[in-house]
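Load the model in your viewer and keep the residue selection tool at hand. The stops below are given in the order in which to select them.

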Amino acid sequence: ISATYTLQRSQVFDYTYFINNYGWMDGFGPWDLIVNGDMRSNGDFTFSNGSPTVNGSVFAAQNQQLVPPAVGLVNQPPVKMDNSTYASYFGSNPRARQAYNSGTMGNYGSAQWQNWSPSIFDTNGQILNNSVSGAVLGDSTGIKSWTETSLNYNPPETVLDTTPTQQVVMPDLSNISFYESLSQNYLDSKQTYGDGTANPNYNQGAYVQAWNNSTGSYQTISTNGVVTGSSSLIGSAAHPILIHGPVTFTQDCVIKGNVSGQGTIYSGRNVHLVGSLIYQNPPNFDSSNLTAQNNANEKADMLALCANGSVIMGDTSQFNYWYPLEFMMPPFTHPRYDDNGNYIPAYNAMNTDSTGHYLYQSVLGDSYIHSVSSPVNQIDAILYTNFVGGGDIGTGGAGLNFNGTIISKDEAMVVWSLPMYMNYDGRIKERSLTNTPLIDLQLPRSPALLVSTWQDRGFSLGNY
């Protein structure tokens, strides 16, 4: 075998919800939470006290590094719509991926279907061309399809393959100096878009700008793509936050409001999402022409928020022990061992760090966070955190629309009003090693082994 080690975008970005420890959904009925996308955990995945609707796949994996070790099981199949029901509810929703339709997307296995399949929902779990297609359950017992259109704790399942799932490597953000260098040296290398038009940001460096009411003009917050210390970004429909490329905050980033552009914010500590975050020019996934859809969405807004600490949602001055802090400390958070056998303690929001603040608080202080906070009822973003992703959401009484992805080691979102919808934004999906995502946000990468020659050993499940 000839092999080369490299860095590639991690598969964690292929999921609407990815948890490195234990995945869990508690207390949701089928119409309380609807996830239009795939979900994965590097441990067990547990649905309790009801079941949300998951229009996508659910994966768990055995994990001996967790404390306690995870056997890697999905405890029960969640409710899932069939294709026609999904199309009737979400067929005209521009933020939700489309349901499989053979008339538009071709017959199973065709070249037309192959082009569409990474970006659609298909309730029919199966194995085509030696890879998993459609919505399946995957865990340490293998890959299964299932039918569960209403809450039933013993739905029919069909075993497709008994090969156990494997863990997916989650990149680590602890070396913030790496991302400072990435920001300082970034130049946009895309000369033209897919439709042949020129990219106006070609050869442009990374920056973030916010409107300054005192001067009546935009102010560039970053210097060579870096914000030293902490700062807040507050956008409006009239004056959205402007982002381009990877920008690094060495400490906290506080953010809410409208945003325009395409970029990633890396924070050396926390990202505090203190209100709704809304794309000024959102993508639209409702099209019968895949090329036209991709060409338009390639130019639409997109933001990733990546924290070396945690992504904290809501007004921290209103947090209390029961909600949401209870879910930000043991036993809900879990310790683990790293690859070298070193013990990593569980995250505890009530611990303090070198700034003298609790881990869940911003260094800008609770009084400031309270002064700028508003209800979190929409999140248009990719959220990535080394520790906890959570807080108070849906506090405005109108439920929550989450258009993007949450990736974290532990998850602690407390939803104060329903329904909650989660729609995957497939523009970041790693389609293959040689076919990059539609939009490259300079997201964290993980090690990969590229094999250039091999011997055929028989049937496999590809990435699974």
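Start with Arg 269, which is buried at 8% relative accessibility (buried means under 20% relative accessible area, exposed over 50%, partly exposed in between, with a 1.4 Å probe and protein chains only). This is a predicted model, in which local features need pLDDT of at least 70 and side-chain atom pairs count only at pLDDT 80 or more, while totals for chains, interfaces and linings use all residues. Residues are numbered from 1 along each chain as its sequence is written, and side-chain values use heavy atoms, with hydrogens and water left out.

Asp 252 and Arg 269 form a salt bridge, with 3.0 Å between the closest N and O atoms (a salt bridge is a side-chain nitrogen of Lys or Arg within 4 Å of a carboxyl oxygen of Asp or Glu). The two lie 17 residues apart: Asp 252 is in the loop between strand E20 (241–249) and strand E21 (253–267), and Arg 269 is in the loop between E21 and strand E22 (271–279). Helices (H or I, at least four residues) and strands (E, at least two) are DSSP runs, numbered from the N terminus. Asp 252 has a relative accessible area of 0% and is buried. Now select Asp 353 as well; a network of salt bridges links Asp 353 with Asp 252 and Arg 269.

How many salt bridges does a search of the whole structure find? The search finds eight.

For another of these pairs, select Asp 38 and Arg 97. Their salt bridge has its closest N and O atoms 3.4 Å apart. Asp 38 sits in the loop between strand E4 (33–36) and strand E5 (39–41), and Arg 97 in the loop between helix H1 (83–90) and strand E9 (98–99), so the pair ties together parts that are 59 residues apart in sequence. Asp 38 counts as buried at 14% relative accessibility, and Arg 97 counts as buried at 9%.

Next, select Arg 95 and Asp 380. Their side chains meet in a salt bridge at 3.4 Å, N to O. Arg 95 is in the loop between H1 and E9, whereas Asp 380 is in strand E27 (residues 378–385), 285 residues apart. Are these two residues buried or exposed? Both Asp 380 and Arg 95 are buried.

The last stop is Ser 181, in helix H4 (residues 176–185). Ser 181 is partly exposed, at 32% relative accessibility. Select Asn 224 too: the C-alpha atoms of Ser 181 and Asn 224 are 9.7 Å apart in space, and the residues are 43 apart in sequence.
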